[in-house]
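Here is a short walk through a structure, from the whole chain down to single residues. Keep the sequence and the 3D view side by side as you read.

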Amino acid sequence: MQCTHSFLFDDWHVVADMELLTQQTPIATTLFESPVTVQCDDNGTVICECKGSALPTQTRYGFVWTSLGEPARDIVHIPEAYEDDRYVVSGGSFFVRTSGLRVVENFLDMGHFPFVHSGWLGDEPHTEVKPYEVTLTEENEILATECYFHQPVASPTATGGIEVEYTYRVYRPFTVALYKTNPVCDGRMDYIVLFIQPVSPETCVVHSLLCYVKEGMKRSDLRWFMQLIFSQDKPILENQIPRRLPLDPRAETPIRADKVAIVYRRWLRDHNVSYGAIPAQGDPR
Amino acid sequence: MLKLYDYELSGNCYKIRLMLSFLDVVHSIESVDFYPGAQHKSPAFLRLNPMGQLPVIEDAGMVLRDAQAILIYLAARYDSQGVWFPRDDPVRLGQIAQWLAFADSITATASVARLHDGLLYSHVDSEAARLGAHKLFRILDEHLYFCEQVEQTWICPGDQPTLADIACFPYVMLSEEGGISRIDYPALRRWCDRFKRIPGFVVMPGIFHAGPGLEASTV
């Protein structure tokens, strides 16, 4: 299935973690089912190619970005990545056998915390997701705010259970972030963003960037915690059927806690995003 | 205090975490940035283990590498009952050693497929690894089926699980992350469920606790 959709195709996507590229070059990967080669020459210049043709290439936030089309806009701007009092590290790149859209939706979901991340991001019987707000911003992003959840171990620096406030932000169809209460510094929020590389409609590589307030934190614990949590999600994600995200409002039955997922699916529909999705009934796509 | 050099997603490190939990050994954990940092290949780590592999332990001034070797050491040192590694039983010792070597073959196949599929290890032959894992799973499934026929619960004879069970469990249980389904190995799956009910069992990412509904059906 060729991706012909400009909103996705003419955009920047992460294809490699710079840290892996320094260990091994070239790296062969796949974007929208097209083979992409990423290499770093002796001068440190990074080049992406597809079938012998050079692709637009940038390095930012410790990742290599490319596009198979002509990028109509720049890479997402992340001010947190430039704040000196934060550790800014990648969380590791993981291949997942499901649509990248499913990964976004799972990232937006608080309802699974007590079950999938039991003892860490939630615990039974504290399973209720309290009502929260969802808005579409002027920049055409989805924001979920006033999301509160009690977490036994919210972060590597947590020393006990705390009430955590989350803000979720969907920048682009395959780019999603969260801000969550830092357990040590009052008023500060830690930040995690997923840059999802669509490999095919039903497979993806999930790259993550972690921007955590340094105070009280060990840099090495960041990756450990992110990978612990993400690897708990992975088998659940890979067992969701169908692998593509159904956009028909009648295809799956949401509950109130899924408010942000409902908006996300509608937003994908409104932007005619069908890569990794099952289009809504009666939809010509 | 015993120190474990650990990577959370490593099945071989998980073997040691399981043993430490079963034996209730006080220990500290030094997290190694295996991926993507490749800290296990750093000069500092290579001084600890020239093989550049996890897990490694430090205990009472000794450095020990290799998951199976560490299991033997921990059982011999901290299992005063001699249940996990029955020092005075030549027959069972031989059998345990046989399955420890078998577990290493599971690592060389099922774990390799998982690294390929999940952690982007592109330089390995994942198809060969999957085929190899299926051959091993068939052997273990048959073995466990015939064990069940004589009411033997664990891989080696006796009422209690041994190191053989710990060594084989992690990469069997994580196999689906490497595209290796266990659907054709019913005795293997039943053994996995029994293993999860051993007192002191702990999970790792990708492995969940046994469902409470099955409690009554296991004996």
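**From whole chain to single residues**

In chain B, the mean position of the 19 positive charges and that of the 26 negative charges are 2 Å apart. Keep in mind that this is a predicted model.

Start with the build of chain B. Its secondary structure consists of seven helices and four strands. Read from the N terminus, the order is β-α-β-α-β-β-α-α-α-α-α. The radius of gyration of chain B is 17 Å, close to the 17 Å that the globule rule gives for 219 residues, so chain B is as compact as a globular protein of that length. The C-alpha trace spans about 50 × 40 × 35 Å along its principal axes.

Of the 219 residues in chain B, 54% count as buried. The accessible surface of the chain is about 9800 Å². Carbon and sulfur atoms supply 56% of that surface. Contacts tell their own story. Take those in chain B with a separation of 6 or more: 64% of them join residues 24 or more positions apart.

Domain 1 of chain B brings 16 residues to the contact, and domain 2 of chain B brings 19 residues.

Find B:Q68 in helix 3 of chain B, which covers residues 67–78. Is B:Q68 buried or exposed? The relative accessible area of B:Q68 is 7%, under the 20% cut-off, so this residue is buried. Who are its contacts? Setting aside residues up to four places away in sequence, B:Q68 touches B:K15, B:L100, B:A103, B:D104 and B:A167.

Move on to the loop between strand 2 and helix 2 of chain B. B:H40 is found in this loop. At 6% relative accessibility, B:H40 counts as buried. Beyond residues up to four places away in sequence, B:H40 touches B:V32, B:F34, B:F45, B:L46 and B:G52. Compare the position of B:S28. B:H40 and B:S28 are 12 residues apart along the chain, and their C-alpha atoms are separated by 18 Å.

B:A38 lies in that loop too, between strand 2 (27–31) and helix 2 (43–48) of chain B. Its backbone deserves a look. B:A38 has a positive phi of about 50°, although it is not a glycine. Most residues other than glycine have a negative phi. How accessible is B:A38? Its relative accessibility is 17%, so B:A38 counts as buried.

B:L120 also has a positive phi, about 60°, and is not a glycine. Look for B:L120 in the loop between helix 4 (90–119) and helix 5 (126–149) of chain B. With a relative accessible area of 30%, B:L120 is partly exposed.

Follow chain B further along. B:V203 sits in the segment after helix 7 (186–195) of chain B. B:L140 is 63 residues from B:V203 along the chain. The C-alpha atoms of B:V203 and B:L140 are separated by 22 Å.

Finish in chain A, with its peptide bonds. Most peptide bonds are trans. Where does chain A have a cis bond? One joins A:T25 and A:P26, with omega about 0°. A:P26 lies in the loop between helix 2 (18–23) and strand 2 (27–31) of chain A. Another cis peptide bond joins A:I241 and A:P242, and here omega is about -5°. A:P242 lies in the loop between helix 5 (219–238) and strand 16 (245–246) of chain A.

Notes: Residues are numbered from 1 along each chain as its sequence is written. Chains are lettered from A and ligands numbered from 1 in the order in which they are written. This is a predicted model: local features need pLDDT of at least 70, side-chain atom pairs count only at pLDDT 80 or more; totals for chains, interfaces and linings use all residues. Side-chain values use heavy atoms; hydrogens and water are left out. Helices (H or I, at least four residues) and strands (E, at least two) are DSSP runs, numbered from the N terminus. Buried means under 20% relative accessible area, exposed over 50%, partly exposed in between (1.4 Å probe, protein chains only). Contact means heavy atoms within 4.5 Å. The radius of gyration is taken over C-alpha atoms; the globule rule is 2.2 Å times the number of residues to the power 0.38. Accessible areas come from the Shrake-Rupley method with a 1.4 Å probe; for residues, only the protein chains shown count as cover. Lys and Arg count as positive and Asp and Glu as negative; His and the chain ends are not counted. The place of a charge is taken as NZ of Lys, CZ of Arg, CG of Asp or CD of Glu.
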